[in-house]
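Here is a short report on one structure. Keep the sequence and the 3D view at hand as you read.

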Amino acid sequence: MFGFKYVDYRNAVRRNESHHLDLLWRENLPSTRTAKANKVNYRQMSVILVYWGCALVEPLQSFYHQTRTIRWVHSHVGWDMPIEKLNMWIKEAVISNITELQIVRFIWRLNFVQHVTRAIKGIIWSMRDDEKHSTATLKDIDTDVQAIKQFLRTHIGSTYAVATQPSDANVLNVNMADWGGLRTPRGSAPFNQIRNAQAGYREYVERQLTKLCPWQRWS
Amino acid sequence: MARVSPVIAILCVLARGDAVLSRPAKRRNTWYEPVFTAAEKVLASASSLLHLQTPPFTFHMDHEGSREALADVLWSSAWTEGIASRFSDANPALRFLLEQQCVDEQSVAPRFGERQGQSRWEAGIKAIFRARSDRLVPVETAATSIMWLNYAIPQPVWRAASYFGRFVMSRKWTEELCELAMQRDPGPQYPVVEGITAAVFDNLSMQAAYSSFSVDGTAGTRLEMTNWATVFLPAATMPDAFAGIDAVLGSGGIFKRLINLDEFLDSFSMYAADIVHNQRARWKKYLDLAAGGSSIWETEQFDSPYPRTRFYYHPPIFDRLQSSYEDVNFEINTMRRSTFHSLSDALMLGGDGLSFMRMIHRVSQDPRLYLETKPVVMPRMGENPHGLFHIMHGDWRIWAPLLLRLAAVVNNRQVKADPTIVDFNRHQHFLRIVTQALSEYVAEISRSGTTMLHANTFCEMLSVI
């Protein structure tokens, strides 16, 4: 159920919980090292990210953690969000006769017009309650949720006893090609993929440290 | 009206018994007082109608320094408070008159309440000021014009609105105001960290003139650039003990001298105590939410202890992306040498995964340049949207067969086995559906068996096969 890890991470970014983010990147390492995920860059980066979080001297380290994410409107976002937004604004506004000069002029003004636009939105939204103000209303998903639950009840079982019966049958009719086929289903199940990817993690982490943090002395 | 007004004015003066024409009565007979008071009120109101009061944050463009004052007010947040009824409040008689008017066959004027926290007559009274002179600019008229400029409202729409409604200024006027305002940028409205500055960067490619009729024989061009912005980090994020980078560098550098390697390596074990503890805690937290009928994804209200971050967007670095070390070197040097950062002790540089990757490689290749020469470079990785997407992406690839099967159940054809960041929102939405459904299912079947808090049991059982 990687969904929980994802929601956990998403909330930690919003709340600027830097140490918790480091913990989640550490937890995520085995997933990134599976053959299926194959997140070559991000597994390397997660090691270095955690290293910076624990290797800086105080009070620089505290400062580093307190600025792990950046406050946007109410909650926090990543360091990549401001330029993502800028790129989006450029694409939305500079749509015809695109020239370098036009883009430069747009960005020059943006510092002011964004400030004013935000103020107007603040006035217009001031009559909304806090919850609506700070978060977008989530789309209703109940129909889809009920459909999936019904599917699971029908194919796995609607009671604990039935649902937890040991079985190697492909009861959900999942395409097993990516999970090792029908002959070795258990060995290539997601949990086992992640467990297998855990092998050699110490050597992997040490290799990244040696390569990307050559200045550090270790005891 | 011009002929009537002096009469009304005189009547007003007479009715109020002002000192110019007569003395106030020493004593009044009480039997006619209510009638006289009503007349008094009407005449006083009539007098007020002939003299409009200009409320605060209204600027006359012919007055010297008013344009600059308008720009300064727009930079400040002061104008956003208390503007909902200022025209109506400054002219109560006019407001009273508007509220007494009947329309068509109405015999009695209805009662008028506020509309969305704003006086119902605010726009009307403001329009009277704008009708008197185009040079009279309420701050919200200027602000709305700037907002239109931001959203690139097409020129015909702009012209029509300013002709019929007059609630926006002309585009040219707005552009000139922006130019002036940018020269009067007051900077962030909160104390910033001293000695350490920050910037963010990322690349952008745009197609130019691809569908232009004027392009003859060429299929347009591609504009490539790296955009960047200065981030003003609030002083509140820095602990009091910080005495500057010089003190840190003088005592051996920004990194700890010795770190226990075994402890560091073990922390990446999937069985590390804090990782397992957190997995169990969130399993309970989210399943409890699902069992209670709540949405797992509902975000709790969070108000950051820090002020809203101010950014300064710089002109792009054209013809540079992040596909080569040469480009990244150029970009880092540009940012380090800019007037915003050249005198800084340390420069935090943030961006997406690729930017972070390039930076950590450059720092490792040349630590003397980046870690021992000011401004020291500290790479920051973007956690959202890029970090968030890649946290999802790895596991999505692993779980894709099940996810695609469940997508078929709800007839979702947008979900892919291997999404890119362009597909992020659609896949995040489907993940929300799946997470909620599976959680509610686990909570449901656990009611007929054992406690749902046995995470491992359930995870193993629900690994489908």
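How many residues does the contact take from chain B and from chain A? It takes 130 residues from chain B and 132 residues from chain A. Two residues are in contact if their C-beta atoms, placed from the backbone, lie within 7 Å.

This is a predicted model: local features need pLDDT of at least 70, side-chain atom pairs count only at pLDDT 80 or more, and totals for chains, interfaces and linings use all residues. Residues are numbered from 1 along each chain as its sequence is written, while chains are lettered from A and ligands numbered from 1 in the order in which they are written.

**Between the chains**

On the side of chain B that touches chain A, helix 16 (residues 383-409) of chain B gives the largest share, 21 residues. Helices (H or I, at least four residues) and strands (E, at least two) are DSSP runs, numbered from the N terminus. By class, this side of chain B has 77 nonpolar, 35 polar and 18 charged residues. Ala, Val, Leu, Ile, Met, Phe, Trp, Tyr, Cys and Pro count as nonpolar, Asp, Glu, Lys and Arg as charged, and the others, Gly among them, as polar.

**Strand pairs**

Two strands pair if DSSP finds at least two bridges between them. One pair in the table joins chain A to chain B.

| Strands | Bridges | Direction |
|---|---|---|
| Strand 3 (residues 217-218) of chain A, strand 5 (residues 258-259) of chain B | Two | parallel |
| Strand 4 (residues 221-232) of chain B, strand 6 of chain B | Four | antiparallel |
| Strand 3 (residues 196-208) of chain B, strand 8 of chain B | Five | parallel |
| Strand 8 of chain B, strand 9 (residues 376-381) of chain B | Six | parallel |

Trp218(A) has Ile259(B) as its bridge partner in strand 5 of chain B. Phe232(B) has Arg310(B) in strand 6 of chain B.

A residue is buried if 20 or more other C-beta atoms lie within 10 Å of its own, exposed if 12 or fewer, and partly exposed in between; C-beta atoms are placed from the backbone. Strand 8 (residues 346-351) of chain B is largely enclosed by the rest of the structure, because six of its six residues are buried. Strand 6 (residues 310-313) of chain B alternates. Phe311(B) and Tyr313(B) point to one face and are buried.
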